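Colleague: I want to learn how to read pockets in a model. Can you take me through them?

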Amino acid sequence: FSFTPENGAQAKETIKIGLMGPMSGAGAAWGIGFQRGVSLAIEDINNAGGVKVGKKNYLLDFISADDKYTGSVAVSEVSRLIFEHKIKYLIGPLGSSPVVAASPIVNQNKVLAFVNSYTPKAIGPQFPYSFRGLCSTSHEIAPILWKYVKEKYGVKKVVLIGQNDETGKAETDHDIESCKELGIEVLHRELFDLATTDFMPLMTKVVAMKPDAVEIGSAATGFAAQMSKALYELGYKGIKVSNTISGEADVLVPIIGKEACEGLVSLNVNWFSNDATPWMRTFAERYVGRYGKPFSVSAAWVYW
């Protein structure tokens with residue numbers, strides 16, 4: 001990706017930024033949104049003259065890497081960005097498992113990284129070059145979301161489902177803490193294998209427990225979509241909960257249909273509604289005008 005500033009600024013050199021996220025697989029909706037959000041941000045920065053350092057102007061550019069939402073691929077891809085492409089600035093990874101796996105290499109090589117991860121293991125004194133790119137994690141989200149679900153829907157018993165890696169464990173840990181404080185009974189927590197393609201057996205087991213709510217958001221969007229569809233086909237009438245952006249209606253409805261999405265409560269706001277700020281609506285409309293639907297919230301996160 002290369003851009004020319006509209007105002008004629010004579011930027012002679014380029015600062016290249018690494019971008020790592022799931023461009024394929026279950027988390028692809030997030031990674032593709034990340035890539036598009038970075039593209040829009042760099043377009044705006046370069047059109048405004050780029051970045052001035054001392055007496056020099058620099059344009060920004062980026063190179064993407066697909067970690068497939070797995071720790072092992074994240075290690076090989078971040079190594080490629082650092083050693084082959086010599087990047088010193090990184091946006092991503094996205095997701096606890098890739099972040100935890102890639103962080104040692106990132107910090108050993110003094111690469112400034114803005115990560116998106118809900119696990120407490122993502123940052124700390126051992127990772128002085130890693131920073132959260134977002135202000136909220138499921139540690140902050142879960143208490144608010146479960147309080148709302150309890151008060152709005154009278155939820156008393158829940159089942160928590162997450163993927164069997166650092167992402168699923170960290171997010172369901174936060175769910176357990178919040179439910180305990182609110183007096184909500186956790187009937188069962190299960191972490192499924194990332195190779196799972198058929199969720200009917202697991203959701204049949206879940207429905208048999210007769211929960212008032214099922215947490216399906218402690219997993220990537222592709223997994224959450226399949227679980228929501230399976231619950232719908234099994235005739236489940238309770239609430240489905242997402243404490244992440246796995247519950248984006250714009251992304252899920254084209255995949256599994258409106259009916260299978262009904263009853264899904266998540267932390268999201270409709271970016272095209274009056275609930276959104278004017279900037280949010282403008283950004284969402286710009287995104288759709290450029291890339292078409294569905295709109296991905298991850299693009300706005302990474303844009304800033």
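This is a predicted model: local features need pLDDT of at least 70, side-chain atom pairs count only at pLDDT 80 or more; totals for chains, interfaces and linings use all residues.

Colleague: How is empty space found in the first place?

Modeller: A probe the size of a water molecule is rolled over the atoms, and this shows where empty space is left. Here the largest pocket holds about 670 Å³ of space.

Colleague: Which residues lie nearest the centre of the largest pocket?

Modeller: Gly247, Ala249, Leu264, Ser266 and Asn268 do. They belong to a lining of 27 residues.

Colleague: Which element gives the most to that lining?

Modeller: α4 does, with 5 residues. Helix α4 spans 138-153. At least two residues each also come from α8 (249-256), α9 (258-261) and β11 (264-266).

Colleague: How do the lining residues of the largest pocket divide by class?

Modeller: There are 17 nonpolar, 5 polar and 5 charged residues.

Colleague: Now the second largest pocket. What is its volume?

Modeller: About 460 Å³. Its lining has 21 residues, and Ile91, Phe114, Val302, Tyr303 and Trp304 are the closest to the centre.

Colleague: Which elements give two or more residues to this lining?

Modeller: Three strands are on the list: β1 (13-21), β4 (89-94) and β5 (112-116). The helices are α1 (28-47) and α11 (297-303). Helix α1 supplies the largest share, 5 residues.

Definitions and conventions: Residues are numbered from 1 along each chain as its sequence is written. Side-chain values use heavy atoms; hydrogens and water are left out. On a 1 Å grid over the protein atoms alone, a cavity is a set of points where a 1.4 Å probe fits but cannot get out, and a pocket is an open set with protein on both sides within 12 Å along at least five of seven lines; lining residues have an atom within 4 Å of a point. Grid points are joined across faces, edges and corners, and a volume is the space filled by probe spheres set on the points. Helices (H or I, at least four residues) and strands (E, at least two) are DSSP runs, numbered from the N terminus. Ala, Val, Leu, Ile, Met, Phe, Trp, Tyr, Cys and Pro count as nonpolar, Asp, Glu, Lys and Arg as charged, and the others, Gly among them, as polar.
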